[in-house]
Amino acid sequence: MTFAPYLLAAPALTACVCALAGRRAPHASVAGALITLGLAPALAAEGLSVPAQRGFGGVLYLDALSALIVLIVALVAALATVQSVAYL
């Protein structure tokens, strides 16, 4: 699971940046969502191409279904974040 730690760290890092960004927080949020969306296909491709894997000492489990769910959630989150900038 090479991309899983990055996919988990990206939203957490984005939240920290948004907390410090002040008036630029909406733009930082969009950037973080797009970074997450960029990492999701890589993790999904990995999950779809190899047998099920465990990571972080068995805490995480990546199979084809979870890879597809990660991709869908990242896409919906990115679209919602991009559209919400007008309201922030």
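Begin by selecting Ala4, Leu7, Ala10, Leu39, Ala40, Leu43, Ala44, Leu62, Ala67 and Ala74, the ten residues of the largest nonpolar core. A nonpolar core is a set of buried Ala, Val, Leu, Ile, Met, Phe, Trp, Tyr and Cys residues joined through side-chain atoms within 4.5 Å. Helices H1, H2 and H3 each supply at least two residues of this core, and H2 gives the most, with four residues. In soluble globular proteins, nonpolar side chains tend to be buried together.

The model on display is predicted: local features need pLDDT of at least 70, side-chain atom pairs count only at pLDDT 80 or more, and totals for chains, interfaces and linings use all residues. Residues are numbered from 1 along each chain as its sequence is written, and side-chain values use heavy atoms, with hydrogens and water left out.

**The whole chain**

Next, show the protein as a cartoon. Helices (H or I, at least four residues) and strands (E, at least two) are DSSP runs, numbered from the N terminus. Along its principal axes, the C-alpha trace spans about 45 × 25 × 15 Å.

Now display the surface. The protein exposes about 5700 Å², of which carbon and sulfur atoms supply 73%; accessible areas come from the Shrake-Rupley method with a 1.4 Å probe, and for residues only the protein chains shown count as cover. Of the 88 residues, 30% are buried. Buried means under 20% relative accessible area, exposed over 50%, and partly exposed in between (1.4 Å probe, protein chains only).

Select Ala40, which is found in helix H2. Is Ala40 buried or exposed? Ala40 counts as buried because its relative accessibility is 0%. Not counting residues up to four places away in sequence, Ala40 touches Leu7, Val70, Leu71 and Ala74; contact means heavy atoms within 4.5 Å. To examine a distance, pick the C-alpha atoms of Ala40 and Ala10: they are separated by 11 Å, and the two residues lie 30 apart along the chain.

Move to Val30, also to be found in helix H2 (residues 25–49). Val30 has 17% relative accessibility and therefore counts as buried. With residues up to four places away in sequence set aside, Val30 touches Thr81, Val82 and Val85. Its C-alpha atom is separated by 9.3 Å from that of Gln83, 53 residues apart along the chain.

Then select Thr14 in helix H1. Its relative accessible area is 14%, so Thr14 is buried. Leaving out residues up to four places away in sequence, Thr14 touches Ala28, Ser29 and Gly32.

**The largest pocket**

Finally, select Ala4, Leu8, Leu43, Leu60 and Val70, the closest to the centre of the largest pocket among the eleven residues that line it. This pocket has a volume of about 170 Å³. On a 1 Å grid over the protein atoms alone, a pocket is an open set of points with protein on both sides within 12 Å along at least five of seven lines, and lining residues have an atom within 4 Å of a point. Grid points are joined across faces, edges and corners, and a volume is the space filled by probe spheres set on the points.

Which element gives the most to the lining of the largest pocket? Helix H1 does, with four residues. The elements that give two or more residues are helix H1 (4–21), strand S2 (60–62) and helix H3 (64–84).

Notes. 1 Å grid on protein atoms, 1.4 Å probe; cavity = no way out; pocket = protein on both sides within 12 Å on 5 of 7 lines; lining within 4 Å.
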